[in-house]
Amino acid sequence: MSAPRTPAPPLTAAGLTVRYGRRIALDDVSFGVEEGSVYALLGLNGAGKSSLVRCLLGLRRPESGTAKLFGRDVWSHRAEVLQEVGVVPEEPDAPPTLSVREIARFSARIHSKFDRAGFDQRLRRFGVPADVPFGRLSKGQKGQVALALALAPAPRMLILDDPTLGLDAKARRSVFEELIGELAERGTTVFLTTHELAAVEGIADRVGILRDGRLLIDEDLESLRGRFRRLRFTRPNDGEATLDRALADLAPVTIERRAWGVEAIVSAFSEERWAPLAGRADLGSPEVEAVRLEDLFLALVEPPAPTGASVEPRGAA
């Protein structure tokens with residue numbers, strides 16, 4: 001009797017490399033997204049996020065590597081696999097003269113599982129008028145329509161490319177509230193790129209950080225929170241070299257010298273490693289605190305890192 005087959009993960013990227021002329025946009029990027037999880041990809045403009053999303057949607061063939069959705073190569077089976085995927089692009093697009101109601105009617109014809117009642121309910125929650133032509137909607141309303149259209153067929157997976165970029169605070173909140181509700185109701189798998197680090201910190205299970213086309217971090221959010229800390233010391237009595245040596249075991253990412261002392265963000269914090277420093281009188285008055293995702297992100301992507309302070313890719317294959 002054969003063993004039952006293990007379902008393929010919703011999304012896997014293996015060795016993705018993309019070049020535009022001599023410029024490398026993606027450099028051997030590999031990661032996976034588990035069923036029912038939320039994966040947030042972060043990176044500064046130009047880091048390679050858009051190139052990666054284009055590969056995941058079968059819009060760009062990588063120079064090397066593969067992108068698979070539900071175990072099938074996206075480039076070779078794009079039409080088939082995207083039937084199970086809802087997509088919200090960075091710039092929502094639809095025929096500008098069609099009303100939202102007409103767009104929904106057209107979408108319902110090509111998606112057999114299109115939930116028209118659910119779509120209409122989302123429009124009412126968003127406050128988007130159904131009879132207004134798409135081209136006359138605000139950018140925030142267009143994004144909300146795109147999200148409602150993506151969710152209406154009850155997709156197994158959502159791919160969202162910076163869905164709140166350029167939206168006002170109210171529209172951004174509505175997008176994330178809708179995502180949270182969808183996750184609670186259906187457990188939909190979500191992959192998103194975003195600049196909204198505070199919002200994603202509340203819903204992401206795993207985080208990827210791109211820098212110059214390389215996946216620097218691919219790790220569970222709880223693991224990141226556990227090993228990164230911000231440390232503060234009043235100026236050490238025996239000079240900065242003493243503190244630098246003491247911090248070495250904690251793998252500092254940034255070390256900032258200030259008038260009052262030294263502040264560092266470290267990537268290998270543990271209570272066992274911290275204990276010898278916490279009790280050292282020659283290091284002043286040590287303080288330790290958790291690091292927000294936004295501060296962690298900026299510490300990793302803003303060049304240059306101080307001499308001897310670096311972080312190796314963690315979790316990325």
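1. Helix packing, contacts. Val100, Arg101, Ala104 and Arg105 of helix H3 meet Arg116, Phe119 and Leu123 of helix H4. Contact here means heavy atoms within 4.5 Å. Helices (H or I, at least four residues) and strands (E, at least two) are DSSP runs, numbered from the N terminus.

2. Basis of the note. This is a predicted model, in which local features need pLDDT of at least 70 and side-chain atom pairs count only at pLDDT 80 or more, while totals for chains, interfaces and linings use all residues. Residues are numbered from 1 along each chain as its sequence is written, and side-chain values use heavy atoms, with hydrogens and water left out.

3. Helix packing, geometry. Two packed helices are described by the angle between their axes and the distance between the axes. The axes of H3 (residues 100-110) and H4 come within 11 Å and cross at roughly 155°. Axes are lines fitted to C-alpha atoms, for helices over the stretch in contact, and angles run from 0 to 180 degrees between N-to-C directions. H3 is therefore roughly antiparallel to H4. For such angles, under 35 degrees counts as roughly parallel, over 145 as roughly antiparallel, 65 to 115 as roughly perpendicular and the rest as oblique. The crossing of H3 and H4 is right-handed.

4. Arg122 forms a salt bridge with Glu178, with the closest N and O atoms 2.9 Å apart. A salt bridge is a side-chain nitrogen of Lys or Arg within 4 Å of a carboxyl oxygen of Asp or Glu. This pair links distant parts of the chain: Arg122 sits in helix H4 (residues 116-126) and Glu178 in helix H6 (residues 169-186), 56 residues apart. Are the two partners buried or exposed? Arg122 is buried, at 6% relative accessibility. Glu178 is buried as well, with a relative accessible area of 9%. Buried means under 20% relative accessible area, exposed over 50%, and partly exposed in between (1.4 Å probe, protein chains only).

5. Arg173 pairs with Glu177 in a salt bridge, the closest N and O atoms being 3.8 Å apart. Why can these two be described as about one helical turn apart? Because they are four residues apart in helix H6. Arg173 is partly exposed, with a relative accessible area of 47%. Glu177 is partly exposed too, at 49%.

6. Other salt bridges. How many salt bridges does a search of the whole structure find? The count is 24. One of them joins Arg72 to Glu84, where the closest N and O atoms are 2.6 Å apart. Arg72 lies in strand E5 (residues 72-73), and Glu84 in the loop between helix H2 (78-81) and strand E6 (85-88), 12 residues apart. Arg72 is partly exposed at 23% relative accessibility. Glu84 is partly exposed at 22%. Elsewhere, a network of salt bridges links Arg230, Arg232, Glu263, Glu289, Arg292 and Asp295.

7. Aromatic pairs. The whole structure holds six aromatic pairs. Phe31 and Phe191 form a stacked one, 5.8 Å centre to centre with 20° between the planes. The pair links distant parts of the chain: Phe31 is in strand E2 (residues 23-33) and Phe191 in strand E8 (residues 189-193), 160 residues apart. Phe31 is buried at 6% relative accessible area, and Phe191 is buried at 0%. The ring centres of Phe269 and Trp274 are 6.2 Å apart and their planes lie at 40°, so this pair is tilted. Rings of Phe, Tyr and Trp (its six-membered ring) pair if their centres lie within 6.5 Å; planes under 30 degrees apart count as stacked, over 60 as edge-to-face and the rest as tilted. Both Phe269 and Trp274 are buried. Phe31, Tyr39 and Phe191 form one aromatic cluster.

8. Backbone points to check. Which phi values are positive in residues other than glycine? Phe70 has a positive phi of about 55°. Phe70 is in the loop between strand E4 (64-69) and E5, and is buried at 9% relative accessibility. Ala154 has a positive phi near 55°. Ala154 is in the loop between helix H5 (139-151) and strand E7 (157-161), and is partly exposed, with a relative accessible area of 32%.

Note on methods
Left-handed = near helix turned anticlockwise from the far one by under 90°.
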